[in-house]
Amino acid sequence: MARSMCWHCQSEVTGEYLCGQCVKVQPLSKELDYFACFKLGRLLNIDAQELERTYYELSRTFHPDFYSTKDESEKTISLGNSAFLNSAYRTLKDPIQRVEYLIRLEAGAVKDIRSNPPADLFEEILELQEDMETFRGLSSEKDSTERAELRQKLQRERGHLEERQEEMEKALLTKYHEWDQLQNQHADPSKAREQKDLVLRSMQEILSNRTYICNMANELLETTG
Amino acid sequence: MSRIVGIDLGTTNSLIAYMDKGAPRVIPNPDGVTKIPSIVGMTDNGLIVGDPAKAHLTRDPSRTIYSVKRFMGRGLADVSEELKYFPYSLHEKNGVIRIEVGGKTYSPPQVSAMILKELKRRAEEFLKEDISKAVITVPAYFNDSQRQATKDAGMIAGLEVLRIINEPTAASLAYGLQKKTQGIIAIYDLGGGTFDISILKLKDGIFEVLATNGDTHLGGDDFDQRLLDVFVEEIAEQHAVKIQEHPDLMQAVRLAAERAKVRLSDERETTVVVELPNGKYEKTLTREIVESLVVELVERTLAPCQAALKDAGLRADQIDEVVLVGGSTRMPLVRSKVENLFGKKPHSELNPDEVVALGAAVQADILGGHNKEILLLDVTPLSLGIETMGGVMSALIRRNTTIPTSAKEMFTTYVDGQTSVDIHILQGERELVKDNRSLARFQLKMPPLPAGVPRVEVTFLIDANGILHVTARDIRTSEAQSVQVKPSHGLTDDEVEGMIRDSFQFAEEDINTRQVIEARTEANAIIVATDKALSRASALISDKEKAEIQRVIQQLGETQKGEDHRVIRAGIAEVEKETHHLAEVLMDATLKEALESKKVSEFVK
């Protein structure tokens, strides 16, 4: 890791996070990404135990509790580093946030939120939306049998959507392996880039479908109570 | 590095603790009592705090402030429902509640500062050194305004608050330290005025909070209120006395309700007696009756427990240990509800009143650099966001995010030449702005450029205290912009400074009050002792002398009611003078007795 001068004693920083000369904590580099912060490559399969171990170790290095008696500059650095570390851990710990972050890093793409349902679910979703409309229209006192039946149907639909969501997450996991394999191969760089972009795009597609389904399931839950 | 103390600033009681050779200890008063009632009384001669103020509650309720923690960081609208129960008058200024007592106005942090000063004084007397640094605990579910108000209180009391720490997490530190526990624990903390549930993972010295939830308006006070309502109604029926019109009686009935509730944690039945102007109100209560009155309140704690479990991604059976904190968890009903929810018997080996203060002392030790083994990773209890179009809140930092944490948001303009953007910061879980808590507002300055060109990045940082800091930076020029945040329910820096100055004035009044109280206590002790001596020695002194002694102690009995400690001291000196001979006579008699009994015992040998 390319290192700069210590903000305090101006000597070259040889240690990883602390200056070798004056032992002051150093601000994390602005270029550092979450994976690098945890000394990980940009891989999607992460050992949760190992991640937690590193997180605890780095927390012991950066947490403001250990800088309470230090001067203001060190306190500020510890606060900033600690906030960054916590965001990094939260993002990498969750498989969905992890892949979203990777796509942002690799493709620079912002999360695209789709307004149309996934093609294979188009008709099902359309019917679902109509049913929800009808359900909302029925007052809770009258039409109790019709309402109860419709509610049951909507709840069944929600179960179905959740199954779909699980399938998508499984599909996503296979893509994680594809990605990691490509990352570990030392093939022709331009060809590898092409393949990687393909995997990134398909992961992004699955992600946005998944988001759509999640929102739909939540809306169903809110409607039926 | 001077010593840092740990303070539990509670709704009903407060405690102060320190680290004694690696073990946390609560500091007692000379009588060995560790709890100080969080009650402040204003007398003609100034302030009284704690037990003397509790006694003041029934004598002069309109000038005695209790449960002030309920008002911290809040506006009048937040407490409108319970206003009728409080004997003092409240109003609001700049979004902050003000308490009017004896013609003076106090903010809740000022009143809390009076309690903090009393704790500080106790610690200074006990440790024989100046105390200027503290860790203060707050309910985990306290929002930013309530935390800031607590920090303000510390400043007004002359304390540097090194950390605001959550009560259940503090308890986990004390508990974990003693039990050397590893695994997932749930801390169920039901105090006088607030309820918290926190779920933590304890591993290799790291105390990681996974989720927290709670209700900052639910506690033992509310249980008392349910009982009080029954008493008030029955007294109206049976004695035709409207308690609401007699604040002193109201407080007497309230204290009776509290005592009955406490007794029924150990006993199955108890009788409440309240003296009324036209007779006695008597009521026999069973544990079942009280439980039926409060069961709905106890059950209200269960939904936050389930929400916390869900946020932690855990099922109830995955919790290894459940720990009870807070005086209200002494109630058998609370214990059985908790046991039912988690499917295991909760722990309560540590004193539920003291464990929070002990944990605060452990955290103080960590901050002082004396303990590098333990690290607490806490979370923010509520989502933080800003107001967007259509009165909707857009969340920037989700609840249960580990702190410190930060979020950045880019702002631009909608109109050519627009020079500022108003930003409204909120805390809460609801979709609409109006259903969430307004924290603060500020105005972001924009360079006068065509619409959409300016780019100002705002960083919202929640520090390890759970308190928000806002900074802004113009992306085009990289220049930092100072942000003047105006709190919705908080004191401004100027106000806090003014209150710090005022507190010096109160300090002088305090000294006078303390001297009066001490003189009075001494006077009463002398009266009792002299009475006793007189009855023992009546045959040994002349009637004239006896009459003279009786006269001076009667006189002292009158003077000690006054508010001038010098007059009381003079009275004490007079009694001492008049009883000098009596003391000698008694001493001789005692000696003689001792000698005689010795002779007898020798004879027996």
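The legends below describe close-up views of a predicted model.

**View 1. Strand β5 of chain B and its burial.** Strand β5(B) covers residues 39-43, and five of its five residues are buried, so the strand is largely enclosed by the rest of the structure. In a regular strand, side chains alternate between the two faces of the sheet. Here I39(B), G41(B) and T43(B) point one way, while V40(B) and M42(B) point the other way. The residues on both sides are buried.

**View 2. Strand partners of β5 in chain B.** β5(B) runs antiparallel to strand β7 (residues 64-66) of chain B, to which three bridges join it. Within this pairing, V40(B) has I65(B) as its bridge partner. β5(B) is also antiparallel to strand β6 (residues 46-49) of chain B, with four bridges between them. T43(B) is bridged to G46(B) of β6(B). Two residues lie between β5(B) and β6(B), which form a hairpin.

**View 3. Aromatic pair Y34(A) and F84(A).** Over all chains, the whole structure holds 12 aromatic pairs. In the pair formed by Y34(A) and F84(A), the ring centres are 5.3 Å apart and the planes stand at 70°; the pair is therefore edge-to-face, as an angle over 60 degrees counts as such. Y34(A) belongs to helix α1 (residues 34-37) of chain A and F84(A) to helix α3 (residues 72-93) of chain A, so the contact ties together parts that are 50 residues apart in sequence. Y34(A) has a relative accessible area of 15% and is buried, because the limit for burial is under 20%. F84(A), at 24% relative accessibility, counts as partly exposed. Ring pairs also link these two residues with F35(A) and Y101(A) into a cluster.

**View 4. Charged ends over aromatic rings.** In chain A, the charged end of K196(A) sits over the ring of W179(A), at 5.9 Å from the ring centre. In chain B, the charged end of R254(B) sits over the ring of Y66(B), and the distance to the ring centre is 3.8 Å. Residue 66 also falls within strand β7 (residues 64-66) of chain B, a partner of β5(B) in View 2.

**View 5. Nonpolar surface patch of chain B.** M389(B), Y414(B) and V415(B) make up a nonpolar patch on the surface, and together they have about 410 Å² of accessible area. V415(B) is located in the loop between β24 (405-411) and β25 (420-427) of chain B. With a relative accessible area of 52%, V415(B) is exposed, because exposed means over 50%.

Terms used. Residues are numbered from 1 along each chain as its sequence is written. Chains are lettered from A and ligands numbered from 1 in the order in which they are written. This is a predicted model: local features need pLDDT of at least 70, side-chain atom pairs count only at pLDDT 80 or more; totals for chains, interfaces and linings use all residues. Side-chain values use heavy atoms; hydrogens and water are left out. Buried means under 20% relative accessible area, exposed over 50%, partly exposed in between (1.4 Å probe, protein chains only). Two strands pair if DSSP finds at least two bridges between them. Patches are made of residues with over 30% relative accessible area and no salt bridge: like charges are joined within 9 Å, nonpolar side chains (Val, Leu, Ile, Met, Phe, Trp, Tyr) within 5 Å. Accessible areas come from the Shrake-Rupley method with a 1.4 Å probe; for residues, only the protein chains shown count as cover. A salt bridge is a side-chain nitrogen of Lys or Arg within 4 Å of a carboxyl oxygen of Asp or Glu. Rings of Phe, Tyr and Trp (its six-membered ring) pair if their centres lie within 6.5 Å; planes under 30 degrees apart count as stacked, over 60 as edge-to-face and the rest as tilted. A charge sits over a ring if NZ of Lys or CZ of Arg is within 6 Å of the ring centre and within 35 degrees of the ring normal.
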